[in-house]
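Subject: Structure for your review

Dear colleague,

Please find below the structure that I would like to hand over to you. My notes on it come after the sequence and the coordinates.

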Amino acid sequence: MEDQTDVVPELPSEWEAEWPASADLNVGPAERIGSAAGGALLLVWGLRRGGLLGDLAAAAAAGLFWRAATGRCPVKQAVTPSPLERRIAREQGWISAAAATHAIVIDRPREEIYRFWRDFSNLPRFMQHIVNIDVITDMRSRWTVKAPFGKTVEWIAHVVEDIPNERIAWEAEATADIPNTGWVEFRNTADGKGTTVRAMIAYQPPLGQAGRVAARLSRENPSRQMAEDLRHLKLYLEAGAAAARTAGEPPAPTSGETAPGTT
């Protein structure tokens, strides 16, 4: 099945309302016209000036032309909280929230994917930033997660919603190093041949709004991490042991076997 991590899969209508604003245009018509005009002025000045300053001006002009043509501005997107982030921060009582939502189509039955995910000890198999998850009870688990500068952070997560084969939601307990919450949903694809897996993770950045912007602009971008994690999940469940080993991933269970920790 075609990898759809870079596009939004066919989503049920009830999912569309919460789809992150990052996928939408964030530069208005007037701003686009201003960007085009500013890019033209910079380009003319750069061509006349020449040298290093001229080259820098031409590069800046190219960025403004791209902004005008696409209606998107990554810097503005990073600085401006999405509607989802504003809502989560308000509901959780956080100063600010960094949130990521992503979806992928996996060519496996949703019952199988739900079972695999519901055993949280399986998550480190495809989530690269997780060091370990120690399952305490069916509803509580201790997470150890990589942090910048070689550090780790820990929290105990408890399941707040569990609808078999449809949705799992969890949140960190009050003692967490970094307050966070998340959920994952499983829906049959329109053709009935696979499962659309959609996940959300949100946390309160340690440095508030500045921390959220820094995360958005860095390699630790939550959206990029989530896309990679779901791509690894797809590989793990879909490709089989041989393909997973070729790609450097942990081997997936072969036909007739059960992944460690699953039933």
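Predicted model: local features only at pLDDT ≥ 70, side-chain atom pairs only at ≥ 80, totals over all residues.

Residues are numbered from 1 along each chain as its sequence is written, and side-chain values use heavy atoms, with hydrogens and water left out.

**The chain as a whole**

Nine helices and seven strands make up the secondary structure of the chain; these are DSSP runs numbered from the N terminus (helices: H or I, at least four residues; strands: E, at least two). Of the 263 residues, 41% are buried (buried means under 20% relative accessible area, exposed over 50%, and partly exposed in between, with a 1.4 Å probe and protein chains only). The chain exposes about 14000 Å², 56% of which is supplied by carbon and sulfur atoms; the areas come from the Shrake-Rupley method with a 1.4 Å probe, and for residues only the protein chains shown count as cover. Among the contacts (heavy atoms within 4.5 Å) with a separation of 6 or more, 55% join residues 24 or more positions apart.

**Salt bridges**

The count comes to nine salt bridges, each defined as a side-chain nitrogen of Lys or Arg within 4 Å of a carboxyl oxygen of Asp or Glu. Side chains of opposite charge can pair when their charged atoms come close.

One of these joins glutamate 91 to arginine 87, with the closest N and O atoms 3.0 Å apart. Both residues belong to helix α5 (residues 83-92) and are four residues apart, about one turn of the helix. Glutamate 91 is exposed, at 53% relative accessible area, whereas arginine 87 is partly exposed, at 25%.

Another salt bridge is formed by arginine 118 and aspartate 162, whose closest N and O atoms are 2.8 Å apart. This pair links distant parts of the chain, 44 residues apart: arginine 118 is in helix α6 (residues 110-118) and aspartate 162 in strand β4 (residues 152-163). Arginine 118 counts as buried, with 11% relative accessibility, while aspartate 162 is partly exposed, at 31%. A network of salt bridges links Arg118, Asp138 and Asp162.

Arginine 167 also forms a salt bridge with glutamate 161, the closest N and O atoms being 2.7 Å apart. Glutamate 161 is partly exposed, with a relative accessible area of 31%.

Five of the six residues of strand β5 (residues 167-172) are buried. Strands β4 and β5 pair in the antiparallel sense over six bridges, where pairing requires that DSSP finds at least two bridges between the strands. Alanine 157 stands opposite alanine 172 in β5. The hairpin of β4 and β5 has three residues between the strands, and asparagine 165 takes a positive phi near 70° there. Strand β5 also pairs with strand β6 (residues 180-188), in the antiparallel sense and over five bridges; glutamate 171 stands opposite threonine 181 in β6.

**Serine 141**

Serine 141 lies in strand β3 (residues 140-146) and counts as buried, at 1% relative accessibility. Leaving aside neighbours within four places in sequence, serine 141 is in contact with several residues, including Phe120, Ile133, Trp155 and Ala157. The side chain of serine 141 makes a polar contact with the side chain of tryptophan 143 (2.9 Å); a polar contact is a pair of N or O atoms within 3.5 Å, where within protein one must be able to donate a hydrogen and the other to accept it, and residues adjacent in sequence count only if both atoms are side-chain atoms.

With kind regards
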